[in-house]
Amino acid sequence: MSEKTLYDKLWDRHVVRCDDSGTCLLYIDRHLVHEVTSPQAFEGLRLAGRQPWRPGANLAVPDHNVPTTDRSEGIADPLSRLRVETLDANCADFGITEFAMNDIRQGIVHIIGPEQGATLPGMTIVCGDSHTSTHGALGSLAFGIGTSEVEHALATQCIIQKKARNMLVSVDGQVGVGITAKDIMLAIIGKIGTAGGTGYVIEYAGDAIRALSMEGRMTVCNMSIEAGARAGMIAIDKKTIDYVKGRPYAPSGALWGKAKTDWQSLHSDSNAHYDRVVHLDADSIQPQVTWGTSPEMVVAVGDCVPDPATELDPVKREGMQAALAYMGLTANTPMTEIYPETVFIGSCTNGRIEDLRAVAEVVKGHKVAANIKRVLVVPGSGLVKQQAEAEGLDKIFKQAGFEWREPGCSMCLAMNDDRLSPQERCASTSNRNFEGRQGQGGRTHLVSPAMAAAVAIIGHFVDVRTLEV
Amino acid sequence: MQAFCRLNGLVAPLDRSNVDTDAIIPKQFLKSIKRTGFGPNLFDEWRYLDHGELGMDCSKRPLNPDFVLNQPRYQGAQILLARDNFGCGSSREHAPWAMFDYGFRVVIAPSFADIFANNCFKNGILPVVLPVEKVARLFAEVAPTVGYKLDVDLEKQQVTTPAGEVFEFAVDVFRKKCLLEGLDDISLTLQHVEEIKAFEARRKIEEPWLFSS
């Protein structure tokens, strides 16, 4: 057999059967469940009189609809409450483990999987959520699915799929000081476009990727879907093994030794074939800020808002014009002259402890700028919140005038009460700047946590590397 | 699932690329725990001038006259013509549920986001990929022709224009069969129960740590 990519290896390990057309049944090791995409799937099971194939392979958590303010009185919004209570009831009925809203382990599904060791190297992982690609940072094959597939995974422990093509994105060399995983990923999306990875599984490699922490790698893999790829992954190394060791759901004792030995083979062979290879020079990557309504509409903070007049493709030009109109921006405006009113720090992209530390480092001893109306800091899980408080980060945030919230998806997609008003401009550490994503008419600029923190204290976009903190 | 075989349907053009699933069905409507009834909120933020919430009577809401689907000539459209990367973003299956509920059975575009296309096939909607220049041609033909219809034949994998011009399209063999026959994936997979069990038993031996919790 010829040399294989990491994706090839993970795929081969999980194929139960294939038909002549290449349509395969792929076995699923871990299924993560949240309250938005699961109720219709559980209802489907009920109507067909089916049971989950392997209840222990599922782990559920409410995250999209939970309030990030005081939870002692429950959820005020009756529709959000119904969703969360429906998840509670479905998990109880079908024997599925759930970290309920007031469990310290509750959090965003893509934060808690790795945090608990519930997502492990070598696994296939699915969830009815497009940011499931996050878990590929641990050397797993993880992708988002729709609700019909959620039901299929529950009922059969498998997914019907054809194999995707292999893409390698290599970020060569080292990034400069102050450049984060988020900047790397936004730069990748800027280069290949939001459909650049469609039909592919992306493997991220190169020295700059290897140098990232596990949490940074999760940020990169998280946004694979923003490049069109259902899954992104990074080969296993010592960092991966060290990260997983000792986590509640990770193997221990003799099984740990066996698992560790097995996992060390989870990397691409040196001459493996990729259908597409993209290289980026790490040292050319600057702090990134999006200006439009698609993550590919991104520039370096030192640049200006692009001018549609310079775009030759008429469809793209109209898209740029529509984006500028929606965003309330004028072409050729320096990004550093854009003044948000709100800053959102959190999400499955950037709601981990290292993200919060990066924010604290920038804001320590500073106050919110006069033009900034609110800064929300939403930890990705109850345990991230606990850790941040143990380190005193919450005090730094509160002293700066930030709001320190309870864990959840929050303003990343504004299904709870955290949302933008029409025309409200936000510097956000989340993953999508689509129209209306953070609230109808809201204007989102995607940035790294450090860049968001800089906006909070300076009042406009600024190269965080130039601040004296 | 409702089968799809062939359709001669009115075409509505949505001339934007990267139409995301947040635009197709905004998040406030994901709070419904049903699969049906999303049609009135399809493209809600483009379609209405006010802010929509779940449970509102959409027949009383102010329509945005500039939005293409609100034009009288496109009422009853069953085929949506779109640009690149249609359905990108969130995996929400509420997007195809809303499109089906509205009445769309076919979406034609130069490219689709993977998860959205997959979700379409599972809900009786056929996503047709045509080359970008052919899609551009169709956009140019629809605009001046009120009542412009296309014939979409899944069995033959052909789109036929009113002038009789035929565009062939590719479709995955398995998905084609499922859509033509309206097959339920889960029942199909459960025909292979013994293979899944045997696979699982082997993995329990090879990777026992995956079965310890």
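In the predicted model, chain B is built from eight helices and seven strands, and its C-alpha trace extends over about 65 × 45 × 25 Å along its principal axes. Of the 213 residues in chain B, 60% are buried. When contacts within chain B are considered between residues at least 6 apart in sequence, 63% of them are found to join residues that lie at least 24 apart. The accessible surface of chain B amounts to about 8,400 Å², and 54% of this surface belongs to carbon and sulfur atoms.

The size of an interface is often given as the accessible area lost when the parts come together. By this description, chain A and chain B bury about 5,600 Å² between them, with carbon and sulfur atoms accounting for 56% of that area. Within the share that chain A buries against chain B, A:Gln40, A:Trp53 and A:Gln440 together supply 12%, which is more than any other three residues provide. In terms of residues, the contact draws 76 from chain A and 61 from chain B.

Charged side chains also take part in the pairing of the two chains, for 11 salt bridges are counted between chain A and chain B.

Methods: Residues are numbered from 1 along each chain as its sequence is written. Chains are lettered from A and ligands numbered from 1 in the order in which they are written. This is a predicted model: local features need pLDDT of at least 70, side-chain atom pairs count only at pLDDT 80 or more; totals for chains, interfaces and linings use all residues. Side-chain values use heavy atoms; hydrogens and water are left out. Helices (H or I, at least four residues) and strands (E, at least two) are DSSP runs, numbered from the N terminus. Buried means under 20% relative accessible area, exposed over 50%, partly exposed in between (1.4 Å probe, protein chains only). Contact means heavy atoms within 4.5 Å. Accessible areas come from the Shrake-Rupley method with a 1.4 Å probe; for residues, only the protein chains shown count as cover. Buried area is the accessible area (1.4 Å probe) that two parts lose on being put together, summed over both. A salt bridge is a side-chain nitrogen of Lys or Arg within 4 Å of a carboxyl oxygen of Asp or Glu.
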